[in-house]
Structures are given as structure tokens and as C-alpha cells.
Amino acid sequence: MPGFSPAPPPPPPSKNAKTHTVVIASAAAAVAAVVAAAVTVGVTGDGEAEAAPTVTVTTTETVEGADTAADTGSEEPADEESSADSYGLGDTVAYENDVEVSLSKFSRSVSSDYASPGNTPYAKFTIKVVNDSSETVDATEMTVNCAYGDEGREGEAIFDEGLDGLPDTRVLAGRSLSVTWGCELPKNEKYLQVEVAPDFESEAAIFAGDVK
């Protein structure tokens with residue numbers, strides 16, 4: 001039988017193969033190190049999980065009356081018409097020219113048969129004009145208008161004994177004038193509105209309130 005020679009040993013690995021193996025091993029080691037580091041970060045020294053940080057949320061409260069709409073840069077035009085101020089029945093209104101108007105001595109009554117209008121319930125009061133200015137106030141230009149009730153019905157002026165209407169005189173500087181006036185006011189009504197202007201150049205002052 002012819003003899004067989006032993007098989008030749010395998011060739012030694014090339015230098016490139018050794019380098020490839022080393023690179024793979026190094027990459028695997030790096031991944032393992034990253035995973036280990038990630039696990040270590042979430043664990044304290046005693047092995048317990050570290051709590052997540054607390055997040056503080058700031059809440060913006062809506063202030064009543066504040067405009068929460070976006071600013072468009074445009075403004076609504078202002079209303080040029082301004083209504084006269086309203087005052088209580090016992091208030092005193094002072095004008096810029098140092099003239100004052102006030103109402104007082106409110107009472108209820110019924111006009112006589114010969115009055116205009118007759119047999120009509122009304123409110124009686126005194127209008128006082130104080131002239132602290134340096135000029136004369138023409139009281140003959142005084143205007144008085146009345147309204148009553150929630151629906152604002154016009155209250156007629158009452159002309160009766162002691163109720164003679166507008167004065168026929170002027171108020172000198174430093175002097176005052178009192179006029180007794182009557183306005184229609186039904187017995188079942190309490191609210192009375194009185195508008196008084198001391199002369200043609202002055203704005204009417206509006207007095208309003210309940211009459212007992």
C-alpha cells in the first residue's frame with residue numbers, strides 16, 4: 001500500500017485579519033461600556049433609583065377686566081358726546097364760573113283746584129343758586145325740567161299758590177337766590193329727576209333720587 005503524507009498545516013492568519021478582529025472587539029467593548037455607564041447614571045451609590053427632577057409650571061392668571069386679546073395696533077374712536085353727570089337730590093353742583101346750584105326741602109303735596117294742572121300730586125322743593133363769581137347771573141334764563149318713574153315720564157311744572165315759576169330777577173355777584181318749585185310726582189312713584197341750568201350759558205345739572 002502506498003503511504004500517505006500528513007496534511008499540511010493551515011496557513012497563518014494574515015495581518016489584515018488580525019486587525020479586523022481587534023477592531024470588532026474594541027467596538028463591542030465600547031458599546032458595553034456605554035450601556036454600563038447609562039445604567040450607573042440612574043443608580044445611586046446605595047443601589048436605589050434616582051428621582052426625576054421636579055418641573056415647576058408657571059400659571060398665568062387672568063385678571064378681571066384685562067384685555068387678553070392680541071394687540072392689533074388699532075384703537076376704537078372715542079365717543080365725542082359726553083352725557084351730563086348725575087347727582088343726588090341733596091348734592092350741590094359747582095360750575096367753573098363759581099356758580100353753585102342745589103336742591104333742598106323736598107315734600108309732597110297735591111295742587112289745588114285752581115292750580116295748573118289742578119288736583120295733581122307733586123313734589124315740592126327749593127332751588128338755590130349761589131353766585132360766587134364776579135359777574136351777574138341772569139336767573140330769568142333759568143331752566144327746570146322734571147321726570148319721574150322707571151320709564152322716565154315727563155313731570156309737569158306745578159303753578160299754584162307759592163309756586164310762581166321762574167324768577168324775574170338777576171343774581172348779583174356774591175349773592176344767592178332761592179326759588180320754590182313743584183314737579184308732578186304721582187303718589188305711587190318715588191324716583192324723581194330734576195334738571196336745572198342757572199342760565200343759558202351753563203350746562204344743566206341732573207339731580208336724581210327717591211322722594212319719600
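Lys105 lies in strand β3 of this predicted model. The phi angle of Lys105 is near 55°, a positive value in a residue other than glycine. Lys105 counts as exposed because its relative accessibility is 68%, over the 50% cut-off. The chain around this residue holds 1 helix and 11 strands.

**Overall organisation**
- From the N terminus onward, the elements follow the order α-β-β-β-β-β-β-β-β-β-β-β.
- The chain has 212 residues, of which 27% count as buried.
- The accessible surface amounts to about 15,800 Å², and carbon and sulfur atoms account for 52% of this area.
- Among contacts with a separation of 6 or more, 66% are between residues 24 or more positions apart.

**Confidence of the model**
- The average pLDDT of the chain is 73, and 60% of the residues score at least 70.
- Among the elements, strand β4 has the highest mean pLDDT, at 98, whereas helix α1 (residues 15-41) has the lowest, at 42.
- The pLDDT is below 50 over residues 15-84, a stretch that has 11 contacts in the model beyond near neighbours in sequence.
- Where pLDDT is low, predicted coordinates should not be read in detail.

**The largest nonpolar core**
- The largest nonpolar core has 28 residues, and those touching the most other members are Phe125, Ile127, Trp181, Leu192, Val194, Val196 and Phe207.
- At least two residues of this core come from each of β3 (99-110), β4 (121-131), β6 (143-148), β9 (176-184), β10 (191-197) and β11 (205-210).
- Apart from residues up to four places away in sequence, Val196 touches Tyr95, Val101, Leu103, Ile127, Met142, Thr143, Val144, Glu203, Ala204, Ala205 and Phe207.

**Ser102 in strand β3**
- Ser102 is found in strand β3.
- Ser102 is classed as buried because its relative accessible area is 16%, under the 20% cut-off.
- When neighbours within four places in sequence are set aside, the contacts of Ser102 are Asp91, Thr92, Thr126, Ile127, Lys128 and Phe207.

**The loop between β3 and β4**
- Pro117 is found in the loop between β3 and β4, and a cis peptide bond with an omega of about -10° joins Ser116 to Pro117.
- Asn119 has its place in the loop between β3 and β4.
- Although Asn119 is not a glycine, its phi is positive, at about 50°.

Note on methods:
Residues numbered from 1 in each chain as written. Predicted model: local features only at pLDDT ≥ 70, side-chain atom pairs only at ≥ 80, totals over all residues. Heavy atoms only, no water. Helix = DSSP H or I, 4+ residues; strand = E, 2+ residues; numbered from the N terminus. Buried < 20%, exposed > 50% of the residue type's maximum accessible area, 1.4 Å probe, protein only. Contact = heavy atoms within 4.5 Å. Areas by Shrake-Rupley, 256 points an atom, 1.4 Å probe, with all protein chains shown as cover. Core = buried A, V, L, I, M, F, W, Y, C linked by side-chain atoms within 4.5 Å. pLDDT = per-residue confidence, 0-100.
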